[in-house]
Amino acid sequence: MIRGKTILQVLGIYAAASWAVLEVVDVVTERMGLPEWVFPFALVLLLIGLPILLATSVVQSLLSGRSGGDSGGEEMEESVPEAAGRLFTWRNAILGGVLAFSLLFGLAGLAVLLKEKVLSPDEAVAESAVPAIAILPFVVRGDGLDVWREGMVDLMSTNLDGAAGLRTIAGRTVLARWKEARADERGGDLDTALGVARATGASYALVGSAIAGGQGMRLTADLYDAQTGEALGDVQVEGPADSVFVLVDRLSVAAVREIATTGGVESVSMDLAGVTTSSVDALKAYLEGMSFFRRSDFPAAAESFSQAIDADSTFALAYLRLGDCYGWMEGTWSGLQREAHHRAALYKEQLPRRERILLEADLSVTARRLVGLEDLREYVQVHPDDADAAFMLGELYLHRGHNLPVSREEMERVFTRAVELDPSFGPYHSHLVDVALWTTPDSAYVAGLMADARRASGGSADPLMLALAFGGDSARSWALARLDSVPANDLTGLNFGLRHPRYWDSFELVQQAAYRRAEEAGISGVSPDQVREVAMFFASTGARQAGQVGKALDYINDSAVDGSYSTCFVSTMYHSRLPVPAEVLERYLATDRIENRGPRSLGCLATYAIEQNRVGDLKLLKAAIVEAGDQAATEGESETVEYVAALLEVIEGYRLWRSGDPAAALPLIEDNYRTADAGIARLWIGQIYADLSRPAEAVKWLGSMWGHQYTTIAYLELGRAYEALGEPEKAVVAYAEFIEAWERGDPEVQPMVEAARARLEDIVRERG
C-alpha cells in the first residue's frame, strides 16, 4: 500500500505507473490488433483516476494523523466522514483501476470480434441467423406447368424473404442440395425433401404442389419444422391460371400466417407483381431462363430472358440476368452486358432488395466508383446460404481489389463459400482457380480445382492454362502452338489467371496472341483497337510487375492508350521503386503541358512534383485540379466533384508524409484513397503505418497488394513489417515472393533482390 505517503510522492508514483501502463497498452494494442481508440481511452481512465488517487491520499493522510502529528490530528481525523473513509481506501482505488482497464480491454476484444464478423460475413452460419424457410421444388400436375416446378422456388423465395421475421434460403442453394440428394431420382418424397431443407440449415420447410384443372390452377403448401419433421399446417389457394401472381401472393401470406406465432401477422401483405412483372408470359420465360442459367447454359438462358423482355420491356429482373449471361459469355468488357445492366438500373426500384443489392455490386465491378459494398457485406452476413451473394462479394473483392485492403484468405473464403453452396455452377469455380494461381505454385492443387470447374461447366481451357503455368518445355511449346487456334474468348481466361510474375514468360506471349487476334475477339461493343489496347495494358503491367522496366516502357510506347494511362503508369513505376531512367521520368512526368490533362493525370504529376520538391509546379497542378472540379460542378457531374475533392486530399496527405509528418498524412490518404480511385495509395498507407511503428496495420495493407493489382515492392516492405512484428516465418515467405517476382528482372533491380535474399538467408540461419 501507499499508506502515509505525501501528495508529491503519490503524484510521482502515479506518473511512473501511468507511463508503464501506457507502454503496456501500446504494445498490447499493436500485437493484438485492438482498435486505435484503446490508447486514448486508457489515457482518459488515467486522468479520471488522478483526482480519485489524490482524494484517497488526502483522506488516508487525515485518517493516519499525518496532518501535523499533534492533537490537532485527532480533530482533523474526526472531521473525515465515516463513508469517505470507507470509500477512499488504497484497496478500493487499486481494485477500481484494475476493473476499469479490464472492462476497456474486454470491450476492445469484443470490438475486434465484431469487426472480424463484418469483414468475414461468409463465416456466418444459417443456424445463427434469423429463422429461415426452405422452399422445395413443387410437384406439378397438368399441361404447361413444368416451368413452375423450380419456378415456385424462385417466386416463393422472393416473396417470403423478410416477411414476419423470416428469411428464405436462396433458391439456388435449395436446388443445389436437391440435386446432390438426387431427390428427383428418389421421387421427391417427404423424407428426402426434409433432408434437403435440413442440409440448407433451414428452420422450416415448405413442400408444395401446383395442379391444373380446366381453366384453373390450385396451389398447395404443406409446412414443416425442418429439424423435427413435425407438420405445422397446410394452406391452399386456387383461381384462374392467368392469375398466378395473385395466387402466389395469397399462398405466401397464408404460409407466413401459418408459421408465425407472434402478433401483427394479419398486416402481412405481399405484391409479387410489383417486384417482377405483370405479364404471365414474361414471368414464364424468365423462370425458364433461370432454369438454364443455373445449369450454366448461358446462350439458352439469354434467349429466354430476351423473350421475357419482349413480353415486358420494363422487366428489371430479366434485364439483370440477361446482363449476367452476356458477362459470362463475353467477359466484363461486354457491351451487351453493360446495356442490359443499364436497363435494369433504370427499373431497379421494381427489384426486390436482394436483387437491388446484387445489381449495385454488379455495376461496381466495372464502374470507377465502388458502391454497395457495405450493403452486400451485411446481406451476406444475414444470408450465409446465398451463393450468388457470396460470389458477388468475391467479384467486388477481385475486380475492385485496388480499392480495398482485401487479403488472399478473405477472397478465397467467399469464393469457396459460393462453391460449397452450389458446386454445380461452373462460374463459381472460375475465380477460385484464379486466386489459387495467384496464391500458390502448387500445380496439383490448381489442377484439382480446375477439374472441379470442368465437371461443373463441361469444359474449359484447363490444359492450356496448366501447361503455360506449370508445364515443362514440351508442354509449354504444345500450349504456345495453340494460342492462335483456340477460341479467342479462351485467351481472356488465360489473361486473368496468369497475372502473376511467376508466369510472366507465358503471360507475355498470351498478350501477343490476343493482340494478333483482336479481330476475332467477338466482344460486343468492343472494337479490335480496344482489344489491342487492353493487350498492351496487360503486357506493360505484367512487365512492370516482373521488374522488367525496359520492356514495360517499350509496351507503353508502342500502345495506343491515352496519355493519362502512360503518365500514371510511369508514376506507379516510380512509386514502386523501379529504376526508371531520369530522362523517361522527365518525358512523362514533367509539368510543361497541363492544359489538356484530366484530374487523374494531374494527380500523378503532382505526386512526382512533391518528390522533386517542385513547389511551383505543385501549386499549378493543384490549381488545375481545382479548376476541373469547378467545371464538373458547373456541369452537374457530382461524381467528378467528389473524385476531385478526394484526390486533392490524397495529394495533400502525400505531401505531408514526404515532408516528414506521417501521422497527419495518414487520415487524409486512408479516408479518401477509395473515392480518388488511387490503388497505389494502399502501398503508401502500408508504408506510413510502418513509419509510425505500427507493423500490424502495415501488414494488413501491404499484404493486400496482390492479384491483378500485384505490386511487387510491397512484399519487400511486408517482409520488414513481419520482422518488426516478431514473425520471422512470415517474413521469409514475403521475402521469397519478392525474390521470385523480380529475380528475372532487369539488372538494375537485382541489388534489391540480392539484399532480400541475404536477409531471408539470415533469418533462416538465425532460426536454425
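Which residues form one aromatic cluster? The members are Y286, F293, F298, F305, F315, W328, F391, F415, F425 and Y428. This is a predicted model, where local features need pLDDT of at least 70, side-chain atom pairs count only at pLDDT 80 or more, and totals for chains, interfaces and linings use all residues. Residues are numbered from 1 along each chain as its sequence is written, and side-chain values use heavy atoms, leaving out hydrogens and water.

Let's look at the rings in pairs. Rings of Phe, Tyr and Trp (its six-membered ring) pair if their centres lie within 6.5 Å; planes under 30 degrees apart count as stacked, over 60 as edge-to-face and the rest as tilted. The structure holds 24 aromatic pairs. In one of them, F298 and W328 are stacked, with 6.4 Å from centre to centre and 20° between the planes. F298 lies in helix α12 (residues 298-311) and W328 in helix α13 (residues 316-330), so this pair ties together parts that are 30 residues apart in sequence. Helices here are DSSP runs (H or I, at least four residues), numbered from the N terminus.

How hidden are these two residues? Buried means under 20% relative accessible area, exposed over 50%, and partly exposed in between (1.4 Å probe, protein chains only). F298 counts as buried because its relative accessibility is 9%, while W328, at 28%, counts as partly exposed.

Now meet Y319 and Y347: their ring centres are 6.2 Å apart and their planes lie at 20°, so this pair is stacked. Y319 belongs to helix α13 and Y347 to the loop between α14 (335-346) and α15 (353-366), so the pair ties together parts 28 residues apart in sequence.

Definitions and conventions
Helices (H or I, at least four residues) and strands (E, at least two) are DSSP runs, numbered from the N terminus.
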